[in-house]
Amino acid sequence: MESNAVVAVSIQITFFALLALSPPPQLCRHISSSFLLSTHAFLSAVQKQVLASASCRNVNEADSPFRSAAVLSDSYSTEASELADIDWDNLGFGFLPTDYMYMTKCTQGGKFSKGELQRFGNIELNPSAGILNYGQGLFEGLKAYRKDGNILLFRPEENALRMRLGAERMCMPSPTVEQFVEAVKETVLANKRWVPPPGKGSLYIRPLLMGSGAVLGLASAPEYTFLIYVSPVGNYFKEGVAPINLIVEHELHRATPGGTGGVKTIGNYAAVLKAQSAAKAKGYSDVLYLDCVHKKYLEEVSSCNIFMVKGNVISTPAIKGTILPGITRKSIMLLETKGSRYSFCCLKDLINSFCQK
């Protein structure tokens, strides 16, 4: 299809740009403890290219694998009066309160009804809520962009499907895909003055699903809340789309076989804070984790999947229950670019690929 061809060309350009980045001379001397890899930059660039090629597609069109790059509005004014009065040129990845949030509730075994928008603010939770006591909760993360007179989403139904899979693992009810996507659209449009101008960032969308009902003994909560809030953001890493420094963690692990590493449960993320804070204290951007069984296979970074590019071959660790199935990762796989593959990636092989003459 025409849209796929355009995307494939864009990705080849992205790969070339990535391959043109030369590792620093000191890389091979310290590769056992750290390496330089523009993983996040690569994913960000590819997502932008895919979005650019798919953005004109309507969410209901069935002839494109990227049909859910949903167009939220046919047009909007870029006049300053319609944008929030903030410094758009210096957005970091930090929380800024916006105007509205979305909320709906249901009981265990029930179904979520249509929720409602309400002014953004604090929420009330019982001290015995399942989320507070037993970590029964999930979250998602996606973004809205301004482009060519539209506000766009990148494949929001994939986030909805991932939340449903996570909810099943965590014994929670979940909104339907349609409810999820519509709730995201409503929340974004209600906060559209917070969507950054083109090239200035994006509106980060954070859907939350949590056990809000009171429970004392170890059990599923009797009530659940589905909530969405948003915040304008810049790049996640301070380096932007430049290469980032990652340190390989050999002792601490983010996930174990049979655990919850493959779903976006809230408890997965607090476990990486110790290794991440130690890495940042040494000047690194983030941590690259190895598998906890053999301690030699690459898994993922604290906050994103990872890809390796050598020649015209793209490799990414296989999903085996300990790696979160990223939406951007899945999109790249769908492109079926010649030479792409997913497999177990050994740290030794990565070192050799960077250090060989």
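Asn 191 is found in the loop between helix H5 (177–190) and strand S7 (residues 202–211), where helices (H or I, at least four residues) and strands (E, at least two) are DSSP runs, numbered from the N terminus. At 0% relative accessibility, Asn 191 counts as buried; buried means under 20% relative accessible area, exposed over 50%, and partly exposed in between (1.4 Å probe, protein chains only). The side chain of Asn 191 reaches the backbone oxygen of Thr 187 at 2.8 Å. Residues touched by Asn 191, leaving out those up to four places away in sequence, are Thr 98, Asp 99, Tyr 100, Leu 203 and Val 230, a contact being heavy atoms within 4.5 Å.

The model is a predicted one, in which local features need pLDDT of at least 70 and side-chain atom pairs count only at pLDDT 80 or more, while totals for chains, interfaces and linings use all residues. Residues are numbered from 1 along each chain as its sequence is written, and side-chain values use heavy atoms, with hydrogens and water left out.

Turning to the protein as a whole, there are 9 helices and 14 strands. Of its 357 residues, 49% count as buried. Among contacts with a separation of 6 or more, 72% come from residues 24 or more positions apart. The protein exposes about 17200 Å², and carbon and sulfur atoms supply 54% of this area, as computed by the Shrake-Rupley method with a 1.4 Å probe, where for residues only the protein chains shown count as cover.

The largest nonpolar core has 33 residues, a nonpolar core being a set of buried Ala, Val, Leu, Ile, Met, Phe, Trp, Tyr and Cys residues joined through side-chain atoms within 4.5 Å. The residues with the most contacts inside this core are Phe 180, Val 184, Val 188, Ile 205, Leu 209 and Phe 226. Several elements each supply at least two of the core residues, including strand S5 (142–147), helix H4 (156–169) and strand S8 (223–233). The largest share, 6 residues, comes from H5. A second, separate core of 11 residues includes Val 248, Leu 290, Ile 306 and Met 308.

Beyond its neighbours within four places in sequence, Leu 209 is in contact with residues including Phe 112, Leu 138, Met 163, Ala 167, Thr 225 and Phe 226. Thr 225 lies in strand S8 and, at 2% relative accessibility, counts as buried. The side chains of Thr 225 and Ser 212 are joined by a polar contact of 2.8 Å. Such a contact is a pair of N or O atoms within 3.5 Å; within protein, one must be able to donate a hydrogen and the other to accept it, and residues adjacent in sequence count only if both atoms are side-chain atoms. Thr 225 also touches Met 103, Thr 104, Lys 105 and Phe 112, among others.

Rings of Phe, Tyr and Trp (its six-membered ring) pair if their centres lie within 6.5 Å; planes under 30 degrees apart count as stacked, over 60 as edge-to-face and the rest as tilted. The rings of Phe 93 and Tyr 204 are edge-to-face, because their centres are 5.4 Å apart and their planes stand at 70°. Phe 93 lies in the loop between helix H2 (39–54) and strand S2 (100–107) and Tyr 204 in S7, so the pair ties together parts that are 111 residues apart in sequence. Phe 93 is partly exposed at 33% relative accessibility, whereas Tyr 204 is buried at 15%. The pair of Phe 139 and Tyr 269 is tilted, as the ring centres are 5.1 Å apart and the planes at 55°. Phe 139 in strand S4 (residues 137–139) and Tyr 269 in helix H6 (residues 267–270) are 130 residues apart. Ring pairs also link Tyr 102, Phe 112, Phe 180 and Phe 226 into a cluster.

Finally, helix H8 (residues 327–334) is mostly covered, with 6 of its 8 residues buried. One of them is Met 333, at 14% relative accessibility. Met 333 and Ile 314 are 19 residues apart in sequence and 9.9 Å apart in space, C-alpha to C-alpha.
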